[in-house]
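Open the model in your viewer and keep the selection tool at hand. The stops below say what to select next and what is there.

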Amino acid sequence: METVLSGIRSTGNLHLGNYFGALRNFIKMQDDASCYFFIADYHSLTTHPDPSILGGNVRNILSEYLAAGLSPEKSTIYVQSDVPEVAELYLLLNMHAYIGELERTASFKDKVRKQSENVNAGLLTYPVLMAADILMHRANKVPVGKDQEQHLEMTRKYARRFNTIYGVDYFPEPEAYNFGTELVKVPGLDGTGKMGKSEGNGIFLIDSDKDISKKVMRAVTDAGPTEPNSPVSEPVQNIFTIMDIVSAPDTVKFFRGRYADCTIRYGDLKKQLAADIIAVVSPIRERIMDIRADEAYLHKVVKMGEERARENASKTVREVREIMGIKKI
Ligand code: TYM
């Protein structure tokens, strides 16, 4: 049976990018594979969150996982920092991770640009910690959005390098995965770029119907097509891209047709998009509220996940120590 693993950082609430890029795939995969899904709270420390909000963020993501349909019976759901073995594997993998390749990582270069006052070693070695998460459970498939593609390439490189250096066939080379299609990048509705927690352009799973409508109706567009079949500008293409993901194929075809023959009304396009997003989000939102209030249940879920994850993790660390020659005297 294949092993599937993925995680999301505990840096706020989940948005449509997290849902369609990652979480929706987690849910689809839990019936057919051995699944590990976790909350990456160590990774979130690279940006120095206020200690008083970190625990609450973990609880939010856990509630959102469960509300969206992750099942603690089918999957191992855990918090990264509950599995200290990951820190040891991270240390061991760091010995074979070269500074040059880490410095060239796109996400690191991006952080250096945006967060120049806090370029810490945790940011530099972020992909190594991610590789430790994945290789810890010897995962084959990692459901993630497009922005994580390079990190997965690095994980494969570290797996290959470890196997070659020690002459073993120990770590599988995991693939970044999206159900049957290419990896997804959900754009923002503010004209450019991707939807992100720190971009201020998210539509969140906890947003009310009213907030979703407001955000969609404010989406950036343009003056409209002036000739038949004219190229679609980036902001309008972003609306179509989200529509491709959330709406029925006939709906998308209809509005694309209206664009092509210059009869499109952006107000109608946005109203339809808002309705289709609300249809996905509102049942999840209602469950989030109930689950978040049930402390005893959340506690039980993470306890169960911790036990299962650690059982597997301690076996991997024991075997890796042995392969690397670390022996008890
Ligand atoms: P994070 O928390 O930034 O994002 C979590 C997941 O959401 C996806 N995602 C998107 N997908 C499509 N469009 C978007 N606009 C969008 N925004 C976010 C991300 O691709 C990701 O799948 N490094 C990871 C967390 C992590 C991890 C791991 C993932 C730590 N260890 C091991 C997989 C395996 C991250 O930053 O996710």
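A residue is called buried if 20 or more other C-beta atoms lie within 10 Å of its own, exposed if 12 or fewer, and partly exposed in between, with C-beta atoms placed from the backbone. This is a predicted model, in which local features need pLDDT of at least 70, side-chain atom pairs count only at pLDDT 80 or more, and totals for chains, interfaces and linings use all residues. Residues are numbered from 1 along each chain as its sequence is written.

**Stop 1: Asp 133**

Select Asp 133, which the "binding site" annotation of an unreviewed UniProt entry covers. UniProt positions are given in the numbering used here, feature names are shortened, and annotations may be inferred rather than shown by experiment. Asp 133 sits in helix 8, residues 126-136. Helices (H or I, at least four residues) and strands (E, at least two) are DSSP runs, numbered from the N terminus. Is Asp 133 buried or exposed? Asp 133 counts as buried because it has 26 C-beta neighbours inside 10 Å.

Next, show the contacts of Asp 133, leaving aside neighbours within four places in sequence: they are Leu 5, Gly 7, Gln 80 and Val 86. Two residues are in contact if their C-beta atoms, placed from the backbone, lie within 7 Å.

**Stop 2: the shell around the ligand**

Which residues come nearest to the ligand? Of the 25 residues around the ligand, they are Arg 9, Gly 17, Gly 21, Val 144 and Gly 145. A residue is near a molecule or strand if its C-beta atom, placed from the backbone, lies within 6 Å of it. Strand 1 gives the most, with five residues. Sorted by class, the shell has 11 nonpolar, nine polar and five charged residues. Here Ala, Val, Leu, Ile, Met, Phe, Trp, Tyr, Cys and Pro count as nonpolar, Asp, Glu, Lys and Arg as charged, and the others, Gly among them, as polar.

**Stop 3: Ile 8**

Stay on strand 1 and select Ile 8. Ile 8 counts as buried because 23 C-beta neighbours lie inside 10 Å. Beyond four places in sequence, the contacts of Ile 8 include Leu 14, Asn 18, Ala 22 and Ile 61. Draw a C-alpha to C-alpha distance from Ile 8 to Ile 61: the two are 53 residues apart in sequence and 8.0 Å apart in space.

**Stop 4: two domains**

Colour domain 1 (3-185 + 295-324) and domain 2 (209-289) separately. These bounds come from an automatic or database domain assignment. The C-alpha centres of domain 1 and domain 2 lie 32 Å apart. Five residues from domain 1 and four residues from domain 2 make the contact. On the side of domain 1 that touches domain 2, helix 3 (residues 51-68) gives the most, with four residues.

**Stop 5: Leu 273**

Move to helix 13 (residues 266-293) and select Leu 273. Leu 273 is buried, with 25 other C-beta atoms within 10 Å. Not counting residues up to four places away in sequence, Leu 273 touches Val 216, Ile 239, Ile 242, Met 243 and Ser 247. Leu 273 and Ser 247 are 26 residues apart in sequence, with 7.2 Å in space from C-alpha to C-alpha.

**Stop 6: the whole chain**

Zoom out to the chain, which has 14 helices and five strands. Buried residues make up 37% of its 329 residues.
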